[in-house]
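The following note collects points on side-chain contacts and helix packing for the attention of a colleague. Please read it alongside the coordinates.

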Amino acid sequence: MNWLEQVNKVMDYIEENLTNEINYEELDQLACCSRYHFSKMFTSIMGVTLSEYI
């Protein structure tokens, strides 16, 4: 799986759960990496931080 696929899976999860509490452990599992590394990857690909996107 490439980085873009992982970001898309996380974005799908976020969009489906915007009205609910975001489970960051679930995001870690969907991203298949640590929160730190995914956060850096997300910002690099999207141009905004994960917190800003949410």
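1. This is a predicted model. Phe 38, Phe 42 and Tyr 53 form one aromatic cluster. Two aromatic pairs are counted under the ring-centre criterion.

2. The pair made by Phe 38 and Phe 42 is tilted, with 5.8 Å centre to centre and 50° between the planes. These two residues are four residues apart in helix α3, and are therefore separated by about one helical turn. Phe 38 is buried, at a relative accessible area of 3%. Phe 42 is buried as well, at a relative accessible area of 0%.

3. The other ring pair joins Phe 42 to Tyr 53: the centres lie 5.6 Å apart and the planes stand at 65°, so the pair is edge-to-face. Phe 42 belongs to helix α3 and Tyr 53 to helix α4 (residues 50-53), so the pair ties together parts that are 11 residues apart in sequence. Tyr 53 counts as partly exposed, at 25% relative accessibility.

4. Helix α3 (residues 35-46) also packs on helix α1 (residues 3-16); the angle is about 95° and the axes are 10 Å apart. The two helices are therefore roughly perpendicular to each other, the range for that class being 65 to 115 degrees.

5. Which residues of α1 and α3 meet? From α1 the contact draws on Trp 3, Leu 4, Gln 6, Val 7, Val 10 and Met 11, and from α3 on Phe 38, Met 41, Phe 42, Ile 45 and Met 46. By class, the contact of α1 with α3 has 10 nonpolar residues, one polar residue and no charged residues.

6. Two salt bridges are counted in the model. In one of them, the side chains of Glu 25 and Arg 35 meet at 3.7 Å, N to O. This pair links distant parts of the chain, with Glu 25 in helix α2 (residues 24-31) and Arg 35 in helix α3, 10 residues apart.

7. Arg 35 also meets Asp 28 in a salt bridge, at 3.0 Å, N to O. Glu 25, Asp 28 and Arg 35 are accordingly linked in a network of salt bridges. Is Arg 35 buried or partly exposed? With a relative accessible area of 38%, Arg 35 is partly exposed.

Conventions: Residues numbered from 1 in each chain as written. Predicted model: local features only at pLDDT ≥ 70, side-chain atom pairs only at ≥ 80, totals over all residues. Heavy atoms only, no water. Axes fitted to C-alpha atoms, helices over the stretch in contact; angles between N-to-C directions. Parallel < 35°, antiparallel > 145°, perpendicular 65-115°, else oblique. Contact = heavy atoms within 4.5 Å. Nonpolar A, V, L, I, M, F, W, Y, C, P; charged D, E, K, R; others polar. Salt bridge = Lys/Arg side-chain N within 4 Å of Asp/Glu carboxyl O. Buried < 20%, exposed > 50% of the residue type's maximum accessible area, 1.4 Å probe, protein only. Phe/Tyr/Trp six-rings, centres within 6.5 Å; stacked < 30°, edge-to-face > 60°.
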